[in-house]
Amino acid sequence: EKLGVAQPRRDYCAVMSHADARVGDILQTLRELGLEANTLVIYLSDNGGILHTFPSNNGPLRGGKGDTFEGGIRVPAVMQWPGVIPPNSVSGESAVHFDIFATILAATGVPVPARNGAFPVHGVNLLPLLRDPAKVKLPDRYLFWDLYGDVAALHGPWKMVGEISNHHGKFDRAVREAEGARFALYNLDEDIGEKTDLAEKFPGIYRDLKTRHLDWLRQFAQ
């Protein structure tokens, strides 16, 4: 307040500062207990900064929390494991949250199962990447999102993104609407701000992403 920061930005900064300090307490406790060298620490956000209620800054990324534009789903992840992860190393690979499940199992020496209950395990073990992030690449794969109508599909630099109505978990309805919907196509390597729609210029890539996304949606409508 004394610095002249207005609400709600002031409260937002306070929350971030408090969270940062508490993470520091956890790391310090690991050192004091002699557990730092035997602990994998994973720190990340579940979504991009909020734009509609708090004045977040997602830099060049379009959108924010609740969107499937990069501003809503692209977040930094920081990991620490002394002796395993090289310090100050960086990777631009597209890991996703469900990779954490397989990574933690592998770190503890537990085999990664093919299924988790009734569902297949889609995540990959990130440990090889973490050990040598300068050289190791993740397997080629398609990634899909559905945030109650905000949809996206990603493969390499190509991303399809768009919106249908909020289906409230009724995926049969979502499939029907998505089949007739027109989405946008972006090349993230050249257009990180998702400004230039290339769907008409690259119809084959667009068709491939949309077909695969529809197949992904259909499995939840069974």
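Biologist: Leaving aside residues up to four places away in sequence, which residues does Arg173 touch?
Modeller: Arg173 touches Asn166, His167 and His168, where a contact means heavy atoms within 4.5 Å. Please note that this is a predicted model, in which local features need pLDDT of at least 70 and side-chain atom pairs count only at pLDDT 80 or more, while totals for chains, interfaces and linings use all residues. Residues are numbered from 1 along each chain as its sequence is written, and side-chain values use heavy atoms, with hydrogens and water left out.

Biologist: Which residues of α3 are buried, and what do they pack against?
Modeller: Asp99, Ile100, Ala102, Thr103 and Leu105 are buried in α3. The buried residues of α3 pack against β1 (41-44) and α4 (127-131). Just past the end of α3, Gly109 adopts a positive phi of about 80°.

Biologist: Back to α5, then. At what angle do α5 and α6 pack?
Modeller: The angle is about 165°, and the axes of α5 and α6 are 9 Å apart. This makes α5 roughly antiparallel to α6, a term for angles over 145 degrees.

Biologist: Which residues of α5 and α6 meet?
Modeller: From α5 come Phe171, Val175, Ala178, Glu179 and Gly180, and from α6 come Lys210, Leu214, Leu217 and Arg218. By class, this contact has 5 nonpolar, 1 polar and 3 charged residues. Here Ala, Val, Leu, Ile, Met, Phe, Trp, Tyr, Cys and Pro count as nonpolar, Asp, Glu, Lys and Arg as charged, and the others, Gly among them, as polar.

Biologist: How many residues does the largest nonpolar core have?
Modeller: The largest nonpolar core has 18 residues, and those with the most contacts inside it include Met160, Ala178 and Leu209. Such a core is a set of buried Ala, Val, Leu, Ile, Met, Phe, Trp, Tyr and Cys residues joined through side-chain atoms within 4.5 Å. At least two residues of this core come from each of β6 (150-155), β7 (158-163), α5 (171-180) and α6 (203-218). Apart from it lies another core of 11 residues, including Phe69 and Trp145.

Biologist: What does Met160 touch, not counting residues up to four places away in sequence?
Modeller: Among the residues that Met160 touches are Val151, Phe183, Tyr206 and His213.

Biologist: Finally, how many helices and strands are there in the protein?
Modeller: There are 6 helices and 8 strands. The C-alpha trace spans about 60 × 50 × 35 Å along its principal axes, and 34% of the 222 residues count as buried.

Methods. Buried means under 20% relative accessible area, exposed over 50%, partly exposed in between (1.4 Å probe, protein chains only). Helices (H or I, at least four residues) and strands (E, at least two) are DSSP runs, numbered from the N terminus. Axes are lines fitted to C-alpha atoms, for helices over the stretch in contact, and angles run from 0 to 180 degrees between N-to-C directions. Angles under 35 degrees count as roughly parallel, over 145 as roughly antiparallel, 65 to 115 as roughly perpendicular and the rest as oblique.
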